[in-house]
Amino acid sequence: MNAMQTQRDRERVTGPGPCPTIRTARLTLRPHRMSDADAIAQSLGDFEVSRMLARAPAPYDRQDAAEWLTIATTDLNEGWAFAITTGDDVHIGCVSFEWLGGEWHLGYWLNRFYWRRGYMSEAVHAATARFMTRMPGTDIHSGVFADNPASLRVQEKAGFRITGCSDLYCVARGSMVPHIETRLEPGDFRPAIPRQ
């Protein structure tokens, strides 16, 4: 073992461990499978979804999904990437925690046909609560494009606060887009209110 290897080992991030399965009132959040590729490609192939994500290309196809799943389903992924499913186990979206630039980041998306039902708020609350149990005392960063107020509401309900604004390149749009940056500090998390 040389000195460089020892230094890299010390700098290695310790993540939250294996991605668990979480059940909520209406959803199951589970680790991704390679068999999710078709559903992911269908969801992100919709420009209304991919345009709200920084790194998803447009058009988005099955090969893009398979390449992403190759990393998301292995130990190369330091964080968690949950498949959001309903009772039929069909993949309808994703919520993830990723180590980027020395910080933990929350990201998520949902198939457009499932918007406006409260599913994303339910998934973000459940995943964030579990992540904070595994990684106590950790700040979580996120953000939304400025033309996505529904996504900002999801974060605000969980306790995220706006920390700034910038321009961020959106691959699907092929341009810089105004971006609202957010952060959740451990004491600010707001548990989900049970659905009536």
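Predicted model: local features only at pLDDT ≥ 70, side-chain atom pairs only at ≥ 80, totals over all residues.
Q: Which hand does the crossing of H5 and H6 have?
A: H5 and H6 cross in the right-handed sense.

Q: Which residues in H5 and H6 meet?
A: From H5, Met120, Ser121, Val124 and His125 take part, and they meet Val154, Lys157 and Ala158 of H6. By class, the residues of this contact of H5 with H6 are 4 nonpolar, 2 polar and 1 charged.

Q: OK, other pair. How far apart are the axes of H2 and H4, and at what angle do they pack?
A: The axes of helix H2 (residues 37-44) and helix H4 (residues 62-72) are 8 Å apart, and the angle is about 120 degrees. H2 and H4 are therefore oblique to each other. H2 crosses H4 in a right-handed way.

Q: What does H2 meet in H4?
A: Ala37, Asp38, Ile40 and Ala41 of H2 meet Arg62, Ala65, Ala66, Trp68 and Leu69 of H4. The contact of H2 with H4 has 7 nonpolar and 2 charged residues, and no polar ones.

Q: How many of the residues of H2 are buried?
A: In H2, 6 of its 8 residues are buried, so the helix is mostly covered, given that buried means under 20% relative accessible area. The buried ones are Ala37, Ala39, Ile40, Ala41, Ser43 and Leu44.

Q: And what covers them?
A: The cover on the buried residues of H2 includes helix H3 (47-50), H4, strand E4 (91-100) and strand E5 (103-110).

Q: Switching to strands. What order do they have in the sheet?
A: The sheet is open and has 8 strands, in the order E1-E2-E3-E4-E5-E6-E8-E7, with mixed pairing. Strand E1 (22-23) and strand E7 (161-170) are at the edges, each with a single partner strand, so one side of each has no neighbour in the sheet.

Q: Where does H5 come in?
A: H5 packs on the sheet and touches E1, strand E2 (28-31), strand E3 (80-85), E4, E5, E6 and strand E8 (175-184). The direction of H5 makes about 35 degrees with that of E4.

Q: In which sense do E5 and E6 pair, parallel or antiparallel?
A: E5 and E6 pair in the parallel sense, over 2 bridges. Tryptophan 104 stands opposite isoleucine 140, which is in E6.

Q: How many residues of E6 are buried?
A: Strand E6 (residues 140-145) has 5 of its 6 residues buried, so the rest of the structure largely encloses it.

Q: Last one. Is serine 96 buried or exposed?
A: Serine 96 has a relative accessible area of 14%, which is under the 20% cut-off, so it is buried. Serine 96 lies in strand E4.

Q: What is serine 96 in contact with, leaving aside neighbours within four places in sequence?
A: Serine 96 is then in contact with Trp80, Ala81, His105, Leu106 and Gly107.

Definitions and conventions
Residues numbered from 1 in each chain as written. Heavy atoms only, no water. Left-handed = near helix turned anticlockwise from the far one by under 90°. Helix = DSSP H or I, 4+ residues; strand = E, 2+ residues; numbered from the N terminus. Contact = heavy atoms within 4.5 Å. Nonpolar A, V, L, I, M, F, W, Y, C, P; charged D, E, K, R; others polar. Axes fitted to C-alpha atoms, helices over the stretch in contact; angles between N-to-C directions. Parallel < 35°, antiparallel > 145°, perpendicular 65-115°, else oblique. Buried < 20%, exposed > 50% of the residue type's maximum accessible area, 1.4 Å probe, protein only. Pairing = 2+ DSSP bridges.
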